[in-house]
Amino acid sequence: MVNYMNKLYDFILDKEHHAYRHSVDWNLADEYAQKGLSAIERMSDRFERLCDEEKAVILDGEQIVFLRTVGNLPAIFTDKEWEEINSKYYIHELGFMSNLSPNYYDTIATGLLKKKETADEYGKKAIDNIIKLSDKYLEEAKKQGREDLVEVLTQVPRYPARNFREALQFFRILHFSLWLEGNYHNTVARFDRYMYPYLKADMEKGIYTEETALELIEDFFLSFNKDSDIYVGVQQGDNGQSMMLGGCDEDGNDVYNLLSELCLKASCNNKMIDPKINLRVSKNTPAERYTEATKLTKVGLGFPQYSNDDVVIPALESMGYSHKDAVNYTVAACWEFIIPNVGADIANISALSYPKAVDVAVHDSLKKTDSYDEFFGAVRAEIEKECNNICENIKDVWFIPSPFMNVLMDCDIYNGGKYNNFGIHGTGIATAADSLAAIKKYVFEEKSISKEELIKAIDENFENTPELLHKLRFEAPKLGNNDDFVDSIATELLDTFAGALKGKTNCRGGIFRAGTGSAMYYLWHANEIGASADGRREKEPFGTNYSVSLFARVKGPVSVIASMTKQHFENAMNGGPLTLEFHQSIFADDDGIEKVGLLVKNFIDRGGHQLQLNTVNLDRMLDAQKHPENHRQLVVRIWGWSAYFVELDKEYQDHVIARQAYTV
Amino acid sequence: MIGTIFDIKEMAVHDGPGIRTTVFFKGCPLRCRWCHNPEGLSFEPQLMYKDARCIDCKSCQKKCEHEECKPFGRCIHACPENCLEIAGRRVTAKELATELKKSADVLGKDFGGFTFSGGEPLAQPEFLLELIGELKDYHLCIETSGFCDSKIFKTIIDKLDFIIMDIKIANDELHKKYTGVSNETILDNLNILKESGKAFIIRTPLIPDITDTKENLDKIEKIIVGSTWEKLPYNAAAGAKYKSLGIEYQIDWRRNDN
């Protein structure tokens with residue numbers, strides 16, 4: 001990193017740029033209600049006012065500009081109106097468009113003026129407003145004598161980008177505008193693919209070397225972090241700025257290029273939580289690439305997250321995605337598989353709790369069933385019932401229309417897109433599988449625990465049965481030990497879930513996709529039930545996504561990988577990674593790095609679908625809880641995004657601390 | 001043949017080439033004061049008690065009928081926080097080999113091999129030999145102090161692919177003082193190792209003021225003459241497991257060599 005970058009970097013990290021921000025106290029909602037404006041009129045008007053209010057701020061040495069100066073987006077509906085809308089429609093989360101992957105490069109290559117020609121009335125207005133805001137930056141650049149920026153902003157965003165710098169700046173303007181409009185989880189998609197032609201051309205002209213290109217990319221990456229604290233999300237860091245590197249083209253050719261490599265390096269150097277780096281790999285990925293990627297893992301950001309083309313692409317195609325679209329897949333905010341440019345899948349619309357299904361079956365059916373198979377039948381029935389419940393209750397989905405998002409997508413997005421599938425997470429698979437394994441072994445096979453005993457112990461939260469707790473918690477078979485006895489139960493659970501959604505059509509004409517993720521449900525769902533038969537006490541959370549139980553004694557990462565790659569992912573491809581946590585010390589030398597890379601390769605070669613690696617240092621986290629001021633930059637991976645540990649709520653911190661870490 | 005082990009570690013990275021599985025043998029004839037695997041010292045199963053999680057519920061003090069708990073006067077199955085564990089598992093070579101091969105199968109061609117460590121694997125020679133026989137299709141490595149009858153030493157290393165041997169202290173008096181045994185046999189075995197033609201490296205743990213002195217390191221350098229030498233930084237957390245075994249860690253200060 002060069003000097004100016006260091007200063008700028010510290011400036012952003014120290015949040016000094018927040019000084020340029022102010023909040024607006026406009027009461028737009030009442031005004032709009034009085035005027036009786038439609039949703040789209042409100043979005044259009046608010047965007048105009050915000051663009052107007054935004055000031056042009058160019059920080060010292062910044063190469064990629066645009067900085068939020070308005071810190072809040074005033075509501076466009078009154079509480080009463082929003083209540084009415086909620087009662088009339090199915091509103092997903094905040095109601096604004098999210099988890100979409102618009103076609104940045106088409107606009108970058110076309111310019112906003114040309115895009116205006118085919119935009120609708122509100123799209124045209126949005127474009128005008130963006131150009132006006134951009135012109136403020138152009139003026140500011142002139143004032144500051146920034147000739148480089150004057151040249152860039154004279155060209156973009158009105159006209160197509162002519163070079164790498166202009167392309168990056170154009171992206172920033174588009175992305176910034178999406179956030180300003182109110183869209184969230186605005187993903188980046190296959191950046192290395194669509195931006196590389198610009199970089200390649202510039203390097204051939206001698207405009208950049210690898211070093212200077214890297215510096216510019218670092219500056220560009222920094223821009224994702226400038227305003228992210230005001231983006232919406234469950235915790236800070238949950239903002240969906242996911243970038244997908246690598247992967248293949250329609251003919252199966254590997255598209256990993258120099259830009260892919262530089263992006264990995266830029267993330268290593270910046271050590272910031274955005275953009276979120278994802279890497280598509282396959283059995284053709286050379287071992288050296290895993291070693292390179294593991295150097296980024298070492299940094300401890302939880303990047304990259306790996307997705308296996310060999311498993312994902314065929315599964316997407318079997319779900320109805322065209323080959324051309326399937327090979328172009330990226331991830332949404334966390335890890336859900338979505339299609340750039342044309343996809344409008346709502347990949348996080350709901351979640352199934354496996355442990356809840358087991359819990360209901362234990363209380364309602366265990367005493368009535370005479371065999372494990374019969375009991376599992378009751379569990380299956382609960383899963384099917386819950387799936388029916390979820391699916392039937394999603395009717396009349398409605399999103400607040402986003403005119404500018406509509407401009408950037410390749411299809412009309414107001415009422416859905418080319419693909420309108422709904423994704424359902426599956427929480428707590430390990431807790432459920434472990435519970436069922438314990439019931440199968442002790443209640444039905446060995447008959448060493450009676451049904452009454454078990455139910456009573458669970459209902460009493462094991463308070464009076466420490467030995468039973470110990471047996472279930474530490475001695476019973478657990479998912480993650482390459483033990484077919486329990487691994488096959490996990491397989492059956494995922495198959496049951498996928499089967500329960502099969503054939504169902506959603507209210508937008510799409511299907512339902514079963515997933516292996518949990519998002520934040522691992523906390524919520526865990527509070528819905530009491531203790532469980534795997535020896536989990538009440539209030540203890542489940543593991544995140546596709547992971548083993550928090551307290552399971554597992555032999556090590558090799559066994560975990562073996563257990564978690566046996567399932568039939570082809571039927572359940574909404575996304576949701578296996579998480580492996582390694583202690584920092586394993587990356588201390590090249591030997592360790594190479595071997596972790598080899599382990600990842602092994603996971604992929606075995607048919608694993610998605611993987612995220614976390615690098616932890618327990619002592620550091622515990623100290624960070626006591627002395628947060630000493631650990632400002634400590635980053636941890638949550639369920640699909642990374643966060644600054646000290647900025648997390650305590651329950652998230654505790655969860656990360658409780659996770660299994662493999663040491664050497 | 002039955003042997004006693006205290007751990008199997010998948011994904012070991014500093015114990016030889018490739019992703020390896022390391023088996024830790026229980027029992028060692030040495031008593032190095034800096035040993036960071038104290039549960040590997042005694043040949044017998046031992047109780048490990050982790051007091052950090054103890055909630056003092058006294059469930060472990062209730063009488064039980066488990067055979068494995070009888071020597072310890074505590075029921076290890078009763079603890080809701082899993083504070084009690086027995087270090088040391090008796091297993092036949094065949095059983096152990098079957099278990100070990102599972103991780104090899106998972107990794108396939110990415111599997112590096114097995115490493116025998118501990119404790120001192122050479123202290124259970126018949127068990128080790130049988131285990132080697134069961135695993136002969138794999139790359140095999142040993143981490144050893146080299147303190148062993150020379151005939152046995154030669155027999156075993158002949159069957160291995162890679163040897164990691166410690167030379168801790170060159171001076172015999174000091175060696176006896178800090179490890180409890182003479183280094184004469186060790187140095188004899190070093191010669192056997194050199195003459196065997198087998199691939200090996202020598203390791204010396206750098207224990208502050210004990211092994212990391214210029215004098216000691218210079219002498220060792222002369223002894224090992226041109227062999228690959230790894231000097232290991234002192235593990236500041238070496239004393240961590242002593243308390244749980246009721247043993248005192250004799251090096252009462254720490255130094256962070258990073």
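Which residues does B:Ala123 touch, not counting residues up to four places away in sequence? I looked this up and found B:Gly27, B:Pro29 and B:Phe43; contact here means heavy atoms within 4.5 Å.

**Conventions**

I note that this is a predicted model, in which local features need pLDDT of at least 70, side-chain atom pairs count only at pLDDT 80 or more, and totals for chains, interfaces and linings use all residues. Residues are numbered from 1 along each chain as its sequence is written, chains are lettered from A and ligands numbered from 1 in the order in which they are written, and side-chain values use heavy atoms, with hydrogens and water left out.

**B:Ala123**

I placed B:Ala123 in the loop between β6 (111–118) and α2 (125–134) of chain B. Helices (H or I, at least four residues) and strands (E, at least two) are DSSP runs, numbered from the N terminus. B:Ala123 has a relative accessible area of 27% and is therefore partly exposed. The classes are buried under 20% relative accessible area, exposed over 50%, and partly exposed in between, with a 1.4 Å probe and protein chains only. I also checked B:Cys60, which is 63 residues from B:Ala123 along the chain; their C-alpha atoms are separated by 33 Å.

**A:Arg21**

I found A:Arg21 in the loop between α1 (3–13) and α2 (28–35) of chain A. With a relative accessible area of 16%, A:Arg21 is buried. Leaving aside neighbours within four places in sequence, its contacts include A:Arg68, A:Lys226, A:Asp227 and A:Asp229.

**Nonpolar cores**

I took a nonpolar core as a set of buried Ala, Val, Leu, Ile, Met, Phe, Trp, Tyr and Cys residues joined through side-chain atoms within 4.5 Å. The largest one has 240 residues, and A:Met195 and A:Leu493 touch the most other members. Helix α19 (residues 429–445) of chain A contributes the largest share of this core, 11 residues. Apart from it lies another core, of 26 residues, with A:Trp639 and A:Ile657 among them. Going back to A:Met195, I listed its contacts without residues up to four places away in sequence: A:Ile108, A:Phe164, A:Ala167, A:Leu168, A:Phe171 and A:Leu259.

**Contact between chains B and A**

I counted 27 residues from chain B and 32 residues from chain A in the contact. Together the two chains bury about 2500 Å², with 53% of it on carbon and sulfur atoms. Buried area is the accessible area (1.4 Å probe) that two parts lose on being put together, summed over both. On the chain B side, B:Glu10, B:Met11 and B:Val106 supply 27% of the area buried against chain A, more than any other three residues.

How many salt bridges are there between chain B and chain A? The count is 1, where a salt bridge is a side-chain nitrogen of Lys or Arg within 4 Å of a carboxyl oxygen of Asp or Glu. A:Arg537 forms a salt bridge with B:Glu81, and their closest N and O atoms are 2.7 Å apart. β1 (2–12) and α1 (93–107) of chain B each supply at least two residues of the side that touches chain A. The most comes from α1(B), with 5 residues.

**Salt bridges within chains**

I searched the whole structure and got 58 salt bridges over all chains. In one of these, the side chains of A:Asp325 and A:Lys418 meet at 2.7 Å, N to O. A:Asp325 lies in helix α15 (residues 323–326) and A:Lys418 in the loop between α18 (403–408) and β7 (422–427) of chain A, so the pair ties together parts that are 93 residues apart in sequence. A:Asp325 is buried at 8% relative accessible area, whereas A:Lys418 is partly exposed at 48%.

A:Lys385 and A:Glu382 form a salt bridge at 4.0 Å, N to O. Both are in helix α17 (residues 372–392) of chain A, and because they are 3 residues apart there, about one helical turn separates them. A:Lys385 is exposed at 55%, while A:Glu382 is buried at 19%.

In chain B I noted B:Arg89 and B:Glu99, with the closest N and O atoms of their salt bridge 3.1 Å apart. B:Arg89 is in strand β5 (residues 89–92) and B:Glu99 in helix α1 of chain B, 10 residues apart. B:Arg89 is partly exposed at 36%, and B:Glu99 is partly exposed at 28%.

My last entry is a network of salt bridges that links A:Glu31, A:Lys35, A:Asp45 and A:Arg49.
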